[in-house]
Amino acid sequence: FARSGAEGETGVLTYEVGAWSPDDDTADDDSDDDTVEPTLLTGEISYSGEGDLTGRPVYLLLWRNWLPQPADWEATYMTTVPETGFPFAYEWDLDEAEVDAGDYYLMAFADAAAADGFFNAAVDPVHAPYLPTTITAAQTNEANLTLVQPGE
């Protein structure tokens with residue numbers, strides 16, 4: 001090739017063409033593009049009560065403090081009681097919810113009655129006390145929950 005503007009200076013460029021192959025995703029190579037595992041909270045939600053909650057929402061909330069302010073949670077996840085009822089599995093993607101790794105308190109409740117507010121302690125089955133839960137980044141963290149009727 002000739003460099004533009006340079007009198008009489010030339011250079012040689014060599015290159016090698018190789019077939020493309022995807023990365024093998026091993027941690028011991030120089031071209032590693034391993035994907036980071038998601039940070040998940042998973043488990044099973046059970047219910048010790050008698051009422052039918054099929055189709056009703058179940059909320060999971062994470063707080064940093066033991067005695068939280070009512071609307072001061074870090075993140076909320078909502079799932080629905082399936083037609084098969086309890087127990088059922090849940091999976092909460094904490095990366096998507098922008099939850100940092102660390103220690104939290106986990107609370108869960110089923111919204112048993114429509115139009116009675118977000119959480120009604122008199123009617124909504126709840127998992128209490130709040131569970132201390134450690135969230136580790138890029139891992140699947142497990143927390144099984146049992147909802148109980150108010151007053152139990």
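**View 1. Surface and overall make-up of the protein chain.** The protein chain exposes about 10000 Å², and carbon and sulfur atoms supply 49% of this area. Accessible areas come from the Shrake-Rupley method with a 1.4 Å probe; for residues, only the protein chains shown count as cover. This is a predicted model: local features need pLDDT of at least 70, side-chain atom pairs count only at pLDDT 80 or more, and totals for chains, interfaces and linings use all residues. Residues are numbered from 1 along each chain as its sequence is written, and side-chain values use heavy atoms, with hydrogens and water left out. Of the 152 residues, 30% count as buried. Buried means under 20% relative accessible area, exposed means over 50%, and partly exposed lies in between (1.4 Å probe, protein chains only).

**View 2. The strand pattern.** The protein chain has 0 helices and 8 strands. Along the sequence the pattern reads β-β-β-β-β-β-β-β. Helices (H or I, at least four residues) and strands (E, at least two) are DSSP runs, numbered from the N terminus. Among contacts between residues at least 6 apart in sequence, 65% join residues at least 24 apart. A contact means heavy atoms within 4.5 Å.

View 3. Strand β5 spans residues 102–110 and is mostly covered, with 7 of its 9 residues buried. Strand β2 (residues 57–63) pairs with β5 in the antiparallel sense, over 6 bridges. Here L62 has L106 of β5 as its bridge partner. β5 also pairs with strand β6 (residues 126–135), in the antiparallel sense and over 7 bridges. For Y105, the bridge partner in β6 is P132. Two strands pair if DSSP finds at least two bridges between them.

**View 4. The salt bridge of D111 and R56.** A search of the whole structure finds 1 salt bridge. The side chains of D111 and R56 meet in a salt bridge, at 3.8 Å from N to O. D111 lies in the loop between β5 and β6 and R56 in the loop between β1 and β2, so the pair ties together parts that are 55 residues apart in sequence. D111 counts as buried, because its relative accessibility is 9%. A salt bridge is a side-chain nitrogen of Lys or Arg within 4 Å of a carboxyl oxygen of Asp or Glu.

View 5. T42 is placed in strand β1. T42 counts as buried, because its relative accessibility is 15%. Leaving out residues up to four places away in sequence, T42 touches Y90, E91, T140, N141, E142 and A143. E44 is also found in β1, which covers residues 40–47. At 37% relative accessibility, E44 counts as partly exposed. With residues up to four places away in sequence not counted, E44 touches P87, F88, A89, Y90, A143, N144 and L145. E44 and A143 are 99 residues apart along the chain, yet their C-alpha atoms are separated by 7.4 Å.

**View 6. A nonpolar patch around Y15.** L13, Y15 and V17 form a nonpolar patch on the surface, with about 430 Å² of accessible area together. Y15 lies in the segment before β1. Y15 counts as exposed, because its relative accessibility is 69%. Patches are made of residues with over 30% relative accessible area and no salt bridge; like charges are joined within 9 Å, nonpolar side chains (Val, Leu, Ile, Met, Phe, Trp, Tyr) within 5 Å.
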